[in-house]
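Here is a short report for a reader meeting this structure for the first time. Please keep the sequence and the model in view while reading.

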Amino acid sequence: FTLDMDSGVLRLFFPEIVDLSSFNLTSIALVDDDNWRGGISAYTLVNNNRTEAVLTHDDTILTVTMAQSDANAIKMVYGLCTTEERAKLSIDKYLVKDTAPSANYVRQVTIADAISPTIFTADTTSPSYQSFSLDMDTGYMTLVFDEPVIGDDIDVSRITIQSNISNVWDYSTYTLTSGTGSSTVTSGYRGVSREQKIQIGYDDLSAIKIMTGLATKAETTFFVGKTATFFDTSAAANSAKSVSAASAMSVQTYVPDTTAPVLQSYDLDMDSGELKLYFSEPIDTETFHAEQLVIQNDVTSDGKNFHALTNSSYTVSADGDEMLLYLSTDDHFAVNAIFDLAQSETDTYMTAATYTVRDMAGNRLYAIPDGQALPVSTYTPDTTSPNLEQFTLDMDTGVVVMDFDETMLYTSFAAGMLTFQETEVYDSEDVNYEMYALTTDTTADFSGNSSTQWTFVLCKDDIDSLKYYQSLAVDQNSTNLVVKGTFATDMSGNKINTIPSSSAKASAKYSADTTDPEIVSFDLDMNTGTLSMTFTESMKAQLSDHSLITLNEQPKSATGYSLTLTGGEFSGYVEKLSPTIDLVLLEDDLNNLKGMAIGSLKNYTWMTLKTGAFSDRSLLLTPRVLSYDVYGGSALQVSTLTPDVGPPSLERFTIEPNEKKVYFFFDEAVKISSWDPAAVTFQNIEYFQPGLDNTSAVITLTTSTAAYGRDYTEVIVDLAPDCPEDEDAKGGCDWNRLRTGIDVEGGTETVYIIMASNAISDNADPPNYVVAIENSERRRLSESALVQASPYCGPCEAGSYQSEECTSVYDQVCANCTSCGEGFYETNECTPEFNTECTECTVCEYGTFTNVACGGTDDTVCGTCTVCGDMEYELVECSAGSNTECSTCAVCEWSNDAHKLGCEGSPVWWRLQNCWFDKDGNKVQRNLVDLEDLRIDTRQGRRHWVWDVAIPEVYGYAQGDWTAD
């Protein structure tokens, strides 16, 4: 027999004629008696009405053309009929009969005795593709061939799927990968089968899904295969022919992807604000909606600690099964702002609505509902310290606004860790450098929330303290902030990055104080003469004007006394007390107040102000405070009044005989209506004892009247209101009794006074009575009775001069010496008799300048301006403070354009004569150029080495020396 596996023809040769009608195909078996297992493989042909059998050569040769099913079945038996040795024949006796009358069956050939073919032709035909199917839901690709191929030998990396039947226009293509990519699904030995199933690997399937327009439907699904991809079972391993990209094979059966994508896990990085999502298959990022994701603190939301992302969170990831989502600043901060959310793995869960995203086939996401929230897979905590990005300060409202680069925990706020300083770089050498640390009172007043922006109001002490300083927080440049790390933390407990004093943060915006200060209250101490005023903010005491302050007895200025202050010493501007200004009243003003009974009771103590009486640091003025009798007025009543408790004392008395009056001078204002003459006694001895001293005179006043003198501390007592006109007449009037008892007119006797405490009192309530001058032994042992004193008539103390001469009653008046101000010098110094004499400084005229400045006792000394010479130009013009500066024009090159311009008018002869240069570049006079050049030529030619005398004479370059001297 012969066997041709290429054509499927089996020829059986018989020695005699056989009967074709008796032919039985199933009696034929093809045998491999040494198969891959070391045993026997055999295949018996099957009669399926597709096998052809004919007799030729006188009916002795039976030609059997096997059905394709039999040929393929043989090829399915690995190794069978692949070589001559493995293509033996076995037949049973029922194969065929001869034509004898009594037909004889053929002799049987058992499998054990199977015979080899006389001629064997191996299979040399390449297998052909019959169809190709693709299931995008399961990822299976199925290929059907016209004959069995070996599944185990398939090289999937030579298989390509493309979107068009040809590759000439607008097509997508993807080639499968082996290894971890796609692989065949086989069964049996070496996976031999006409139908080969390939499981497209996840990576390959994902890549196909991601590609635009590829395998999205049957019309975009075509197969391309290279040679050496599929092999049949022949010994030659015939490769399936290639299917080129130019004529790709269309899909026979296409199953679309209908499976919903699943969010399998996610990672959250709270440090970078990145959320990485992992899906079960590639998703279409263009369909992603971040607002469908909710981060919550448990599997089931508590309704409080959650945040639904907004569509401001975004991704730049390409289509795929992993997507990196960048949380927007708002979303990142919002998550951070919830203290019990996303602080660790234990409080980070996520829900996702079905509309969150679609896969590449348009399938919506498999929803993750509340109650089944997905826990975070990898959680990265926030470990980055927050930064203060900017701050603003409003000195009008005391509001500070701070912006941070992440959400800050409001309970961590500690204002005491903030310090304002006047420059960005602290100057340790400046002894007057100003800086201020906030107090804990501002911390206590803070009521903000966890946020990226904190707005807080400085407590009153802090804002007043800032306003106290002269160079700190007065404008944007002087408002700089130093931040300690313990000032605040972010939601993860990371301390804020410090801002040191060496590089303080400058304010982004500064709003000046624009609110006028107002007086809130005032206190008056009538003992010390101190007026203490409290304002709505820090004040600048040195800008206060006492002449705009009026103290009143009544709330209506039309009734009662009023006193506008004439002077005093302002103090205040102490850091903590900066809203308070103290004024120590002049003694005269204090006594006038006491004389007017202002300050005796709270109901008698009121204040009115004119506009501008006080000023804050921003030079904003206090508004006026009007009395009640002016429309809209509301005089300010004293808050705390410290009444005068000190009794007045008599400091001096003087009897003026020509006026018949006694002048009393007290140390404070007294109440004239309380005068009691009977409590006053004059005597001509210091110590009087009745009954023991008959030579002394003692006169107690009875009828004299009293009136104020120049002020309320001076009382003038008229001793003769009821005396007769005749001075020599005897009578009981006080003057007559005094002059007749004591020589007050001639002045031959010393006059003493005794005064009981009821003699007079002040205006205090209750009143303070005068300190008594008693005639007692106890008094005598301490001080004596007060003796009459003459007025002080000088000289004035150093630094003062006499402004008013003394009189018979009044002391000399001295005033401070005047200092000559700017523009004046002292021509006569101050003496106790005369004030300083100042003269206006001389002003230098045109053509002169100030050689010696005016000052002290010297007038200005003027000098004549210098005139520049012919070979000079004026560099600096003569002015009031400096002489002319000249610069030379005797140069060969101008230093600058101004030099050239200034020397334009100078003689040119000098430059023509002097600005010449020899060959060495040395400047020489014009008439010496040729001589010097000849000398240089002689030197350079070494002529002086040859001749004893070189003309002209050469300097340097001695014989044998190549260097100049």
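## The model and its salt bridges

This is a predicted model. A search of the whole structure finds 16 salt bridges.

Start with Asp257 and Lys209. These two form a salt bridge, and their closest N and O atoms are 3.2 Å apart. The pair links distant parts of the chain, 48 residues apart. Asp257 sits in the loop between strand E19 (253-255) and strand E20 (263-269). Lys209 belongs to helix H2 (residues 202-210). Are these residues buried or exposed? Asp257 has a relative accessibility of 7%, so it counts as buried, the cut-off being under 20%. Lys209 has a relative accessible area of 12% and is buried.

## Two further pairs

Lys467 and Glu537 also meet through their side chains, in a salt bridge of 3.0 Å from N to O. Lys467 lies in helix H5 (residues 460-468), and Glu537 lies in the loop between strand E39 (530-535) and strand E40 (549-552), so the bridge ties together parts that are 70 residues apart in sequence. Lys467 and Glu537 are buried.

Next come Asp644 and Lys594. Their side chains meet in a salt bridge, 3.3 Å from N to O. Asp644 is in the loop between strand E46 (640-642) and strand E47 (650-656), while Lys594 is in helix H6 (residues 587-595), so parts that are 50 residues apart in sequence are tied together. Asp644 and Lys594 are both buried.

## A network of charges

Some salt bridges join into a network. Lys75, Asp123 and Glu147 are linked in this way.

## Helix H11

Helix H11 covers residues 929-940.

Which residues of H11 are buried? They are Val929, Asp933, Arg935, Ile936, Thr938 and Arg939. These buried residues pack against strand E63 (916-917) and strand E64 (923-924). After H11 comes Arg942, with a positive phi near 55°.

## Thr354 in its loop

Thr354 lies in the loop between strand E26 (349-352) and strand E27 (358-359). Its relative accessible area is 26%, so Thr354 is partly exposed; the range for that runs between 20% and 50%.

What does Thr354 touch, leaving out residues up to four places away in sequence? Its contacts are Arg364, Leu365 and Ala367. With Leu365 there is also a polar approach: a polar atom of the Thr354 side chain lies 2.8 Å from the backbone oxygen of Leu365. Val400 is another matter. Thr354 and Val400 are 46 residues apart along the chain, and their C-alpha atoms are separated by 45 Å.

## Annotated domains

The UniProt record, an unreviewed entry, places the feature "domain: TNFR-Cys" at residues 795-838 and 843-886. Over residues 795-838, the chain is 0% helix and 36% strand. The end C-alpha atoms of that stretch are 23 Å apart.

Residues 843-886 are 0% helix and 36% strand. Here the end C-alpha atoms are 24 Å apart.

Notes:
Residues are numbered from 1 along each chain as its sequence is written. This is a predicted model: local features need pLDDT of at least 70, side-chain atom pairs count only at pLDDT 80 or more; totals for chains, interfaces and linings use all residues. Side-chain values use heavy atoms; hydrogens and water are left out. UniProt positions are given in the numbering used here, feature names are shortened, and annotations may be inferred rather than shown by experiment. Helices (H or I, at least four residues) and strands (E, at least two) are DSSP runs, numbered from the N terminus. A salt bridge is a side-chain nitrogen of Lys or Arg within 4 Å of a carboxyl oxygen of Asp or Glu. Buried means under 20% relative accessible area, exposed over 50%, partly exposed in between (1.4 Å probe, protein chains only). The expected span of a helix is 1.5 Å times one less than its number of residues. Contact means heavy atoms within 4.5 Å. A polar contact is a pair of N or O atoms within 3.5 Å; within protein, one must be able to donate a hydrogen and the other to accept it, and residues adjacent in sequence count only if both atoms are side-chain atoms.
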